Amino acid sequence: MEIAGLIFLTSGLYMGWSLGANDAANIFGTAVGTRMVRFRTAAVICAIFITLGAVISGAGAAGGLGALGAVNALPGSFVVSACAALTVTFMTRAGLPVSTTQAIVGGIIGWNLFSGYPTDRDALTTIVGTWFYGPLLGALIAFLLYFLVKTILERLNIHLIHLDRYTRIGLILAGVFGAYSLGANNMANVVGVFVAASPFRDMSVAGVQITGAHQLFAVGGIAASVGVATYSRRVMMTVGSHLYKLSPVSAFIVIASTATVLFLFASEGLEAWLQARGLPSFPLVPVSQSQAAVGSIIGISLARGGRNLNLKLLRNIVLGWAATPAAAAALSYIALFFMQNVFMQQVYV
Amino acid sequence: MREKKNGSTGLFGSSAKALELNIDRYLTLVEQSALLLEDAIKKYLDGKFELFEHQRSEIDNTEREADNLRRDIKHRLYAEMLIPDSRGDVLALLETLDNVTDKAKDVSSHFSIERPEVYPFLSDDFRELMETCVKTVGEVTLAVRAFFRELYRVTEHVEKVHYWEHQADEIEERIKRKVFRAEGIPEFSKRVHMRYFAERISQIADEAEAVADRLSVYAIKRSI
């Protein structure tokens, strides 16, 4: 691979780092913040399972993103990814709600507008639809899980001390599922725009064929692991102790429900299974993990009878739908112009 | 490394079971201290002072054992990283419960030191007061057990604690009214002395109610 290829990959690596640093905290924030699970355990699980999810099952959601607009020149991919990352960084700094998924979609639309490629309306409708369905599905699953867990706890009368042990095991298992689903679904945001212009070539190791896309997803997974190791502890402590205080059992429900949403929108196996039986399947596109989590938290509040329902959370989701893609699209369009006309790089073919 | 060792003990070891047994034993001792006091007071009212003293020393032993157990529970909870989310609540609960055993010890020791003269017309009222306090303590230990195992039953027991505590207050007031209206008590100091003991015994029910008040908050916190 050329040096230029490596340089252009850096924005993707930054996105991967950011995924590990921020989104891993949504999985293990409460568990680590309340000291139910040690940070080291959480970090190792995240690193391994985000990477596994990305490599094994990441292609589905990346394909969904590719249908929106296949960024076909590496400098273009670099700009789209960098602009999405910058939008996420700036909006987070400004305290505004933000989702990596929505930023990357905005970035791709910016590229489509600049390059003159049409934006696939069906793909766009599907993706935007999932912004709505993701949190809704999260709320529904969390709502049902709440009653399931509540019934089980009431029937079994588990002693607090033992319940603590089972909750820890539950948090770890849900964390494994959460990390896998995050890698499977959201790694598309990190490496999706590089797939069509991948600098990696297919290769064979010990007779096993490893495609360029697999290598790309593995690199994304490694970047996310670095993010987990270097920065996520701080974010976990914030999530666990300040942002939204959840009991460990509620945290388990939120993680399991969020992970299920991400999994449903990422699993090619499930899609094939549903389609084979003539059932409607879930579109394979990246969905916002934090918004699915917020949906799940709202689901739990509703299950409790609407107590402590924070409508500000809902408002933040809706704000994110509009503001993030718009900002990323504008930034991406402007940056592509500079990349093409000032740095003389071909940003599309 | 220490954290790892402790974490794994908490997750898979026998510490959790030992802790559960200790908490159960502690609650039994709290209940036992109230029952012993009831028995001691009845012996006192019957004029069986020797037997009263025997029961009093039993109360002292129970209180000491409860104290040691509480310290052990505290140590296990913190050293072994168990229930990090609710251990603060559990400890506060046990410390408030400790006031019940302390109060039982306190009352028996004051009876032993001061040897108050309980007039026969007050004897049944004192018995009833003591029985009601025992019911309050019994109910509060049930409420605490429910907190650990059957969360949804906490409220039911807490309501009973409030009921019995209210009954204890009424009996206490009845005793005080009888004491200050009675004709046959020549010295004012003896009336005050009776009032003092009625209040002291009733405080056991008050301490139990304080535990119940905490418990209702903790139960809400623990509900998922």
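**Exercise 1.** Classify B:Glu156 by its relative accessible area.

*Solution.* B:Glu156 has a relative accessible area of 33%, so it is partly exposed. The scale calls a residue buried under 20% relative accessible area, exposed over 50% and partly exposed in between (1.4 Å probe, protein chains only). The partner to examine is B:Arg153, which forms a salt bridge with B:Glu156. A salt bridge needs a side-chain nitrogen of Lys or Arg within 4 Å of a carboxyl oxygen of Asp or Glu. Here the closest N and O atoms are 2.9 Å apart. B:Arg153 is partly exposed as well, at 29%.

*Ground rules.* This is a predicted model: local features need pLDDT of at least 70, side-chain atom pairs count only at pLDDT 80 or more, and totals for chains, interfaces and linings use all residues. Residues are numbered from 1 along each chain as its sequence is written, chains are lettered from A and ligands numbered from 1 in the order written, and side-chain values use heavy atoms, without hydrogens and water.

**Exercise 2.** Which parts of chain B does the salt bridge between B:Glu20 and B:Arg149 tie together?

*Solution.* Start with the distance. The closest N and O atoms of B:Glu20 and B:Arg149 are 2.4 Å apart. Next, place the residues. B:Glu20 sits in helix 2 (residues 15-45) and B:Arg149 in helix 5 (residues 120-149), so the pair links parts that are 129 residues apart in sequence. Helices are DSSP runs of H or I, at least four residues, and strands are runs of E, at least two, all numbered from the N terminus. Finally, check burial. B:Glu20 is buried at 5%. B:Arg149 is partly exposed at 36%.

**Exercise 3.** Describe the salt bridge of B:Arg70 with B:Asp98, then name the network around it.

*Solution.* The two side chains meet at 3.3 Å, N to O. B:Arg70 belongs to helix 3 (residues 49-79) and B:Asp98 to helix 4 (residues 87-114), so the bridge joins parts 28 residues apart in sequence. B:Arg70 is buried at 12%. B:Asp98 is buried at 6%. Now widen the view. Salt bridges link B:Asp67, B:Arg70, B:Lys74, B:Glu95 and B:Asp98 in a network. Over all chains, the count comes to 33 salt bridges.

**Exercise 4.** Characterise the interface between chain A and chain B.

*Solution.* Count contacts first. Contact means heavy atoms within 4.5 Å. On that basis, 26 residues of chain A touch 26 residues of chain B. Then take the buried area, the accessible area (1.4 Å probe) that two parts lose on being put together, summed over both. The two chains bury about 2,400 Å², 64% of it on carbon and sulfur atoms. In chain A, A:His159, A:Leu160 and A:Ile161 lose the most area, together 29% of what that side buries.

Turn to the pairings. Between the chains there are zero salt bridges. Two residue pairs are in polar contact, both at pLDDT 80 or more. A polar contact is a pair of N or O atoms within 3.5 Å; within protein, one must be able to donate a hydrogen and the other to accept it, and residues adjacent in sequence count only if both atoms are side-chain atoms.

Last, trace the origin of the chain A side. Helix 6 (121-156), helix 7 (160-195) and helix 9 (248-264) of chain A each supply at least two residues. Helix 7 gives the largest share, eight residues. By class, the side holds twelve nonpolar, six polar and eight charged residues. Ala, Val, Leu, Ile, Met, Phe, Trp, Tyr, Cys and Pro count as nonpolar, Asp, Glu, Lys and Arg as charged, and the others, Gly among them, as polar.

**Exercise 5.** Where does A:Asn157 lie, and is A:Asn157 buried or exposed?

*Solution.* A:Asn157 lies in the loop between helix 6 and helix 7 of chain A. It is buried, at 19%. Check the backbone too: phi of A:Asn157 is positive, about 45 degrees, although the residue is not a glycine.
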